[in-house]
Amino acid sequence: MLSIFFWKEERSCRSHNWERGNTHVPVCLSTLGTRRTGGLKGGGMTREQYILATQQNNLPRTENAQLYPVGIYGWRKRCLYFFVLLLLVTMIVNLAMTIWILKVMNFTVDSPLVLQSDRNVTVNARNHMGQLTGQLTIGADAVEAQCKRFEVRASEDGRVLFSADEDEITIGAEKLKVTGTEGAVFGHSVETPHIRAEPSQDLRLESPTRSLIMEAPRGVQVSAAAGDFKATCRKELHLQSTEGEIFLNAETIRLGNLPTGSFSSSSPSSSSSRQTVYELCVCPSGKLYLSPAGVGSTCQSSSNICLWS
């Protein structure tokens, strides 16, 4: 028998026991006003009741259903608690070790980082391939830096104060000051356009065991604007000009400790008088000597001194 239903919604909830065959479906749904044309037993039927009844008829009936507990029980639960406890203990130990390390290293926000070791402290730098590109080793005897280029920069403007590589060493400071008693020792040549002593201090160039050589292709000039110029030697002082001349220009030229030649005079009065005037004579070898002045030149008379040179 075909049944046709018409629904009109009414929002109210009540209990129904709808019977069709052997199926009892308890529902509490919103009821709808209905109109039917025969067929079903049991009064008015809502749309929801019809849908539920149709679905329940198609569901398989389960008999003797068993309930299974859901969760972790027994030894699995005890193992889980043990691992959680072990993880908690490990975390506490790690935290305590971290605090101890920070305390030993005196690491705080306001103080610098301090690295201590009984032997040495080594800091390595590597590239993306793991190759060593730089190394700084601080030991008890020395501080060693191994890299392609070593630089020391100023904190204010970043200017290079000191740099060193395989080719050269550059010092960018305004003044290089060596305070050691032995000064600075250089194994090879030193190039500089200017050597100057500190104010109110003497500049001294000295070679204790060997020679001191000053050479320049265009000339060497030594001047003392407000003082004396002295050249002292133990043996001989040579002034040599290969193509030019030696020019001495002064108001007074003094040559001290020159040897004095002697000659025999025929006049007894002349020998008894005190000699105060001498003649400057030159030997063929270039040696200078003094000869007592007379009416004429007396260098030939006292030239026997040239035989001793």
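This is a predicted model: local features need pLDDT of at least 70, side-chain atom pairs count only at pLDDT 80 or more; totals for chains, interfaces and linings use all residues.
Two strands count as paired if DSSP finds at least two bridges between them.

**View 1. Strands β4 and β5 form a hairpin.**
β4 covers residues 132-138. β5 covers residues 143-146. The two strands pair in the antiparallel sense, over four bridges. Four residues lie between them in the hairpin.

**View 2. Strands β6, β7 and β8 make an open sheet.**
The order across this sheet is β6-β7-β8. Pairing is antiparallel. β6 (150-153) and β8 (169-171) stand at the edges. Each has a single partner strand, so one side of each is left without a neighbour in the sheet. From one strand to the next, the twist averages 10°.

**View 3. Strand β7 is joined to β8 by three bridges.**
β7 spans residues 160-164. It runs antiparallel to β8. Phe162 is placed opposite Ile171, and Ile171 lies in β8.

**View 4. Helix α2 takes in residues 75-104.**
The helix has 30 residues. Its first and last C-alpha atoms are 43 Å apart. That is close to the 44 Å expected at 1.5 Å a residue. Cover is another matter: α2 is hardly covered. Buried here means under 20% relative accessible area. By that cut-off, the count of buried residues among the 30 residues of α2 is zero.

**View 5. Asn106 follows helix α2.**
The backbone is the point of this close-up. The phi of Asn106 is positive, near 55°.

From the N terminus on, the elements run β-β-α-α-β-β-β-β-β-β-α-β-β. The protein chain has 309 residues, and buried residues make up 9% of them. Its accessible surface comes to about 29100 Å². Carbon and sulfur atoms account for 53% of that surface. Consider contacts between residues at least 6 apart in sequence: 25% of these join residues at least 24 apart.

Conventions: Residues are numbered from 1 along each chain as its sequence is written. Side-chain values use heavy atoms; hydrogens and water are left out. Axes are lines fitted to C-alpha atoms, for helices over the stretch in contact, and angles run from 0 to 180 degrees between N-to-C directions. The expected span of a helix is 1.5 Å times one less than its number of residues. Buried means under 20% relative accessible area, exposed over 50%, partly exposed in between (1.4 Å probe, protein chains only). Contact means heavy atoms within 4.5 Å. Accessible areas come from the Shrake-Rupley method with a 1.4 Å probe; for residues, only the protein chains shown count as cover.
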